[in-house]
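Open the model in your viewer and keep the selection panel to hand. The stops below say what to select next and what is there.

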2 protein chains.
Amino acid sequence: MKPMTIGEVAKAAEIGVETVRFYEREGLLAEPPRRQSGYRQYPPDTVRRLRFIRRAKELGFTLKEIGELLDLRVDPARSCADVRALARAKMADIEAKMLDLARIQAALTELERTCRGKGPTSDCPILDALDEQEVTRGDR
Amino acid sequence: MKPMTIGEVAKAAEIGVETVRFYEREGLLAEPPRRQSGYRQYPPDTVRRLRFIRRAKELGFTLKEIGELLDLRVDPARSCADVRALARAKMADIEAKMLDLARIQAALTELERTCRGKGPTSDCPILDALDEQEVTRGDR
DNA sequence: ATGCACTCTGTACCCAACTACAGAGTCAAG
DNA sequence: CTTGACTCTGTAGTTGGGTACAGAGTGCAT
């Protein structure tokens with residue numbers, strides 16, 4: 001049960017067949033081997049890669065950024081210092097995202113708590129979530 | 001120093017003037033009062049709202065979702081149960097995002113650690129990050 | 001009182017990321 | 001050995017989220 005068709009990997013990753021080909025054109029997915037007919041033959045772990053892409057997109061990464069993440073690996077063709085620098089940059093970015101999410105989360109928690117009562121009070125507490133702090137970050 | 005011009009709020013929120021008007025058309029920003037000339041006059045806290053929108057976008061929320069977040073508030077015109085249900089739904093969504101980010105973060109940490117050595121080993125450890133677990137979530 | 005920056009409306013254009021054909025060939029279950 | 005689902009390439013269309021004018025009016029510092 002080794003190689004999968006494009007339809008199979010697409011279904012498994014919950015994306016469209018056209019999208020898989022699109023990612024290939026965009027360089028996010030290596031060109032797979034073909035059979036004589038020209039049909040693409042995917043190794044099953046392609047599904048993981050596609051799923052990663054889908055999830056990372058939902059986290060606000062662009063396809064370009066996702067490509068960079070996927071290229072990060074222990075790689076003899078690249079200096080360790082480089083890889084580590086890239087990894088650290090991404091980590092800072094992610095740290096900032098998590099912080100922002102945590103703030104919104106806290107605001108929602110507070111909202112739920114407040115709403116338990118019946119008061120008509122309060123403006124929009126959500127706005128306080130990402131206020132001002134302007135966490136140091138390179139503004140992507 | 002009360003009311004601000006569109007140029008001022010745009011600059012303060014680090015977005016373009018055209019974008020502010022765009023958000024107004026999209027219903028993310030209430031139509032502000034105008035002076036006789038037709039110039040928009042913004043209350044200064046508009047800046048916070050705009051900043052929130054900018055940040056939330058970076059977290060992968062669509063403008064539609066951001067609108068829903070901003071509409072969440074203690075509101076006499078809406079049942080408390082409704083607001084709380086909405087809040088909880090958003091919280092679950094955010095929880096999932098934070099989990100995914102934490103996984104990528106962990107993978108990057110591991111990568112950095114591994115890379116400290118010099119081995120040529122290892123495929124793409126990042127892929128393990130968002131693997132399979134398929135956390136229960138309504139697939140937005 | 002004038003010039004330069006700013007704002008107005010409206011329309012058109014742009015980019016990322018798909019999504020949908022058309023027209024031709026392929027696979028495999030019955 | 002046919003037939004219906006699947007795949008191929010290539011090109012075109014769509015959606016979300018802006019961005020860029022054009023042409024006309026406004027504010028204000030000198």
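Axes here are lines fitted to C-alpha atoms, for helices over the stretch in contact, and angles run from 0 to 180 degrees between N-to-C directions. Helices (H or I, at least four residues) and strands (E, at least two) are DSSP runs, numbered from the N terminus. This is a predicted model, in which local features need pLDDT of at least 70 and side-chain atom pairs count only at pLDDT 80 or more, while totals for chains, interfaces and linings use all residues. Residues are numbered from 1 along each chain as its sequence is written, chains are lettered from A and ligands numbered from 1 in the order in which they are written, and side-chain values use heavy atoms, with hydrogens and water left out.

**Stop 1: the helix pair in chain B**

Select α1(B) and α2(B). Their axes come within 8 Å and cross at roughly 100°. The two helices are therefore roughly perpendicular to each other (the class for angles of 65 to 115 degrees; under 35 counts as roughly parallel, over 145 as roughly antiparallel and the rest as oblique). Now show side chains: I6(B), G7(B) and A10(B) of α1(B) meet V17(B), V20(B) and R21(B) of α2(B), where contact means heavy atoms within 4.5 Å. By class, this contact has 4 nonpolar, 1 polar and 1 charged residues. In this scheme Ala, Val, Leu, Ile, Met, Phe, Trp, Tyr, Cys and Pro count as nonpolar, Asp, Glu, Lys and Arg as charged, and the others, Gly among them, as polar.

**Stop 2: the helix pair in chain A**

Move to α1(A) and α2(A), which pack at an angle of about 100° with their axes 8 Å apart. That makes α1(A) roughly perpendicular to α2(A). On the α1(A) side pick I6(A), G7(A) and A10(A); they meet V17(A), V20(A) and R21(A) in α2(A). The contact divides into 4 nonpolar, 1 polar and 1 charged residues.

Next, select E24(A) and R40(A), whose side chains meet in a salt bridge with an N to O distance of 2.9 Å (a side-chain nitrogen of Lys or Arg within 4 Å of a carboxyl oxygen of Asp or Glu). E24(A) lies in helix α2 of chain A and R40(A) in the loop between α2 and α3 (46-58) of chain A, so the pair ties together parts that are 16 residues apart in sequence. Over all chains, the structure holds 23 salt bridges.

**Stop 3: DNA strand C**

Zoom in on the phosphate oxygens of DNA strand C. A polar side-chain atom of Y23(A) lies 2.7 Å from one such oxygen. For R40(B) the corresponding distance is 2.8 Å, and for an N or O atom in the side chain of T5(B) it is 3.0 Å. The elements that give two or more residues to this surface are α2 (17-25) of chain A together with α1 (6-13) of chain B. The largest share, 4 residues, comes from α2(A). By class, the surface near DNA strand C divides into 6 nonpolar, 6 polar and 6 charged residues.

**Stop 4: R40(B)**

Stay on R40(B), which is found in the loop between α2 and α3 (46-58) of chain B. A polar contact of 2.9 Å joins its side chain to that of E24(B) (a pair of N or O atoms within 3.5 Å; within protein, one must be able to donate a hydrogen and the other to accept it, and residues adjacent in sequence count only if both atoms are side-chain atoms). Not counting residues up to four places away in sequence, R40(B) touches several others, including M4(B), T5(B), R21(B) and P32(B).

**Stop 5: DNA strand D**

Finish at DNA strand D. Sugar and phosphate make up 74% of the atoms of DNA strand D that come within 4 Å of the protein. In the side chain of K57(B), an N or O atom is 3.0 Å from a phosphate oxygen of DNA strand D. α2(B) gives the most to the surface near DNA strand D, with 4 residues.

Conventions:
A residue is near a molecule or strand if one of its heavy atoms lies within 4 Å of it.
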